[in-house]
Amino acid sequence: MAGTLAVDLGGSGSRARWTSTAGPQRTATGGGLRVSGAGLVAVPLVTALIDDLGLDAGDVDGACVGLSGLLTLGDGAHAIADAVRERLGAVPTVVASDAVTSSVGALGGEPGAVVLAGTGCTALGTDLADTWHKVDGWGHVLGDAGSGSWIGARGLTAAFEQHDGRRTDAADLLAAARSRFGEPEALTREIYTREDRAGLLASFAADVLDLARDGDAVAGDVVGAAAREQARSLAAALLPPVPPRASYTGGIFGAGEILTVPLAAELARLSPDVVLEAPLGGALDGAELLALRAVAGTLASHPPLLTVVAGPA
């Protein structure tokens, strides 16, 4: 076997990994996805990563590109697959939502459900065959319940209420907001005029989580509510025939037990038969597993979440 190419494209950066039994693993990093008037621009990132890894036709038996954002926008799945195959030959190529690659990585390639929480939040339940059930991921305006932007927004709401005198128990949140952003009046102008307002809101989640960890009651209520929202999405993703196995992944879970303990408790209440496990791997691991399954011919397309372009007939 020549090797597999796993790629993970995100808003803040991109990563790629080539794995082969014939030599040492190679890795590369690059810039993040950007949005043009036509949508997400992914193809230049993928080709740059392939170049950085020094890969040519014959070096790869299968590839998988995972990316955040809607696969129906901008560079579509087939355009991305075509770019990979133009550089590496007509190898089986998978293009998938990062919800798919992250879920497969977290569960080690086994079926189940995973909640992914970073700036945004979504859950995915799958039997790795016919069922790929996505829950939430609608963005910070319409959804992403339990995400970093969700936590940050609710923490700032409490801080602004403290500023206005509508409450008296959120002084620490107001102080944290002033320390990070300045006065509330300036922050509101910035939030409502910036395109990356979800990321701006999510940046305050770190302060909310820190205050909750230190025992602040209002911040603790926000974090507990976020964990319950994450559990609701997980429970909704666990539709039959998805087995009762679940995990979690994403930067927000770097907070540790302050999130995972209430998440497990709420999931146990909602779905008592479900086993919640710590993640076994990440998005690159999931992409590698999907590439291997495409090579083996055991992976079928489920657009728009998952598109498989087979090798030559």
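A salt bridge is a side-chain nitrogen of Lys or Arg within 4 Å of a carboxyl oxygen of Asp or Glu. Side chains of opposite charge can pair when their charged atoms come close. Arg167 makes such a salt bridge with Asp169, with 2.7 Å between the closest N and O atoms.

The structure is a predicted model, in which local features need pLDDT of at least 70 and side-chain atom pairs count only at pLDDT 80 or more, while totals for chains, interfaces and linings use all residues. Residues are numbered from 1 along each chain as its sequence is written, and side-chain values use heavy atoms, with hydrogens and water left out.

A search of the whole structure finds 13 salt bridges. Exposure is described here by relative accessible area: buried means under 20%, exposed over 50%, and partly exposed in between (1.4 Å probe, protein chains only). Arg167 is partly exposed because its relative accessible area is 25%, and Asp169 counts as partly exposed at 44%. Another salt bridge joins the side chains of Asp8 and Arg15, at 2.9 Å from N to O. Asp8 has 14% relative accessibility and therefore counts as buried, whereas Arg15, at 36%, counts as partly exposed. Glu183 and Arg178 also meet through their side chains, at 3.2 Å from N to O. Salt bridges that share partners join Glu161, Arg166, Arg167 and Asp169 into one network.

The next feature is a pocket. On a 1 Å grid over the protein atoms alone, a pocket is an open set of points with protein on both sides within 12 Å along at least five of seven lines, where a cavity is a set of points where a 1.4 Å probe fits but cannot get out; lining residues have an atom within 4 Å of a point. The second largest pocket has a volume of about 220 Å³, a volume being the space filled by probe spheres set on the points, which are joined across faces, edges and corners.

Its lining is made up of His140, Ala153, Leu156, Thr157, Phe160, Thr188, Ile191, Tyr192, Arg197 and Leu201. Two or more of the lining residues come from each of α5 (148–164), α7 (184–193) and α8 (197–203). Helices (H or I, at least four residues) and strands (E, at least two) are DSSP runs, numbered from the N terminus. The most is given by α5, with four residues. By class, six lining residues are nonpolar, three polar and one charged. Ala, Val, Leu, Ile, Met, Phe, Trp, Tyr, Cys and Pro count as nonpolar, Asp, Glu, Lys and Arg as charged, and the others, Gly among them, as polar.

Helix α8 also holds Gly199, which counts as partly exposed because its relative accessibility is 36%. From Gly199 to His302 there are 103 residues in sequence and 29 Å in space, C-alpha to C-alpha.

Helix α1 (residues 43–53) has Leu45, Val46, Thr47, Leu49, Ile50 and Leu53 as its buried residues. An α-helix has 3.6 residues a turn, so residues three or four places apart point the same way. After α1 comes Gly54, with a positive phi near 70 degrees.

Helix α4 (residues 139–142) contains Val141, which counts as exposed because its relative accessibility is 66%.
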